[in-house]
Amino acid sequence: LKFERLLETYYNYAPKGLSSFVTAIPVWMNEKLFLKRNIRKGLQAIGSFNEQTQKLLFPEHHLSHAASAFYPSPYDEAVIITLDGVGEWATASISLGKGKQIRIVSELRFPHSIGLLYSAFTYYLGFRVNSGEYKLMGLAPYGDPKSKQVEEFRDIIRSRLVRINDDGSIWLDQKYFRYASGLRMTASRKWEKLFGVARRKESDPIGQEHCNLALAIQQLTEEVVLKMASHAKGFAETETQSQNICLAGGVALNCVANGKLKEAGIFQNIFVQPAAGDAGGALGAALAAHHIHNKGERIVNHPDSMQGAYLGPKYGRKPIEKMIRKFNAPAEEFTEFDTLSKNTARLIADGNVVGWFQGRMEFGPRALGNRSILADARSPEMQKKLNLKVKYREGFRPFAPSVMEEYRSDYFNFDTPSPYMLMVAQVKEEILKPIPENYFDLPYMERLYVQRSELPSITHIDFSARLQTVHRETNPRYWGLINEFKELTGYGVLVNTSFNVRGEPIICTPEDAYRCFMRTEMDYLVVGDFLLRKEDQPAWEEKDWRKKIGTD
């Protein structure tokens, strides 16, 4: 189906698209068209495989997304929306899920795609497509919502680039885009004439005009999501009165749009697959095969079946001790976790940055307390320190709070759990601090360092936070650490960011943890029951990570 889409697209745009054709077609002719044969050969090479009795199933892309969200959800019945760049032909879908059945009832098709539109702006604003969209989302709040320029940008996008229909479907004017026929996302010269803003390169400084453009496309993306959800509810009411919605696909990782959807109250209950992107499609494909093809029974679990997304590898005492011996790393072992958590909470409260490695690795793009870098959300300097000295990334990037579920409403205007860091909530007015009268007139980086709340390191520039609620039942160790921090400081909130640096995946193994710890300016590392202090460690030849990847 995807090959069909490629051929039809090249045919329709010919003679444009020659460079893309020459790049893509040899890969298809040599490998991708023979995927089934290659899989069978691989399976036969590693064990007994009978192609007559063991079938290879290929669920469609958006069915896999829908299955990844609905089957693990706590709902027996739900509306399912999937949004991404493109699968085979579909770029968005609305489905109805009931019991173990999923039925796709509506699709939006290539080349019209809210995911590709958002990626086009990601590209134009100097971030990498398919990995930098969350940076665009983080940049958008630096735009001035009262600015005439933001309004003008929205009008230009609406009138020239995209038509947004009442049902949330869109139509994109392809003369302004190159993703269908070329190797780039946009017709950049035409965009420069439209917006009066040159395409930003990755190394270029970020100006207020870039922030305003990011805000404009974020607002329009939210509009599309809300319209599609309203249409889906009305569409589904002829068959079901369900108040539940499930989301998946890369656009479902836009936690700001998710928060707006919850706030709108179109559905009472929302479940977003934690691995909403293509990684979650693997889970969805397996679940679709089990429930739809094999007619396997479905058990609905509460709060959901994702087990907190702690589904990855786990490393016990032996691999940790092996790592310690390998690097000759001085470490203190704690026989009681309560003692370890008390010590770690004290270190964080004293302003230290701690790498935290426990239990099973998280499945999906968010670190949820098992492969995390932790710090004190009360510190005015922590946001800057983490970005520039630990993560080695852009200074505007926000950080998320991990809050004990029991105390969520003490700090955030949010009335339901958010265990997967997929919703944005407003920080409660009670803990906000007075801001200068000219706050919204300040340059965006000056606004960044204004203390907006009692928890400045997790309060974004628009007084929001990407919320993770921590539950004792799903992660007792992480909950216990935050509880000790609350006993010590009165605040049941920590800064939680993924255990990695810019350009690297989240760490997985104890050895990954130690290498990242030594290459950054983290102060302490907790691996299982062991505590390592940076000052005690032997010299590290690759300590200055910035020499390897560069930094702003």
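The second largest pocket in this predicted model has a volume of about 610 Å³. Its lining counts 31 residues. I270, D304, P417, S418 and P419 lie nearest the centre. By residue class, the lining splits into 16 nonpolar, twelve polar and three charged. Two elements, β7 (269-272) and β14 (464-470), each give two or more residues to this lining. The largest share, four residues, comes from β7.

Strand β7 also belongs to an open sheet of five strands. The order is β3-β2-β1-β6-β7, and the pairing is mixed. β3 (101-109) and β7 are the edge strands, each pairing on one side only. From one strand to the next, the twist averages 20°.

β7 pairs with β6 (residues 244-248) in the parallel sense, over four bridges. I270 of β7 is the bridge partner of I245. I270 is also among the residues nearest the pocket centre.

How confident is the prediction, and what is the mean pLDDT of the chain? The mean is 93, and 98% of the residues reach 70 or more. Over residues 543-552, the pLDDT is below 50. Beyond near neighbours in sequence, that stretch has 22 contacts in the model.

Notes. Residues are numbered from 1 along each chain as its sequence is written. This is a predicted model: local features need pLDDT of at least 70, side-chain atom pairs count only at pLDDT 80 or more; totals for chains, interfaces and linings use all residues. Side-chain values use heavy atoms; hydrogens and water are left out. On a 1 Å grid over the protein atoms alone, a cavity is a set of points where a 1.4 Å probe fits but cannot get out, and a pocket is an open set with protein on both sides within 12 Å along at least five of seven lines; lining residues have an atom within 4 Å of a point. Grid points are joined across faces, edges and corners, and a volume is the space filled by probe spheres set on the points. Ala, Val, Leu, Ile, Met, Phe, Trp, Tyr, Cys and Pro count as nonpolar, Asp, Glu, Lys and Arg as charged, and the others, Gly among them, as polar. pLDDT is the predictor's confidence in each residue, from 0 to 100. Contact means heavy atoms within 4.5 Å. Two strands pair if DSSP finds at least two bridges between them. Axes are lines fitted to C-alpha atoms, for helices over the stretch in contact, and angles run from 0 to 180 degrees between N-to-C directions.
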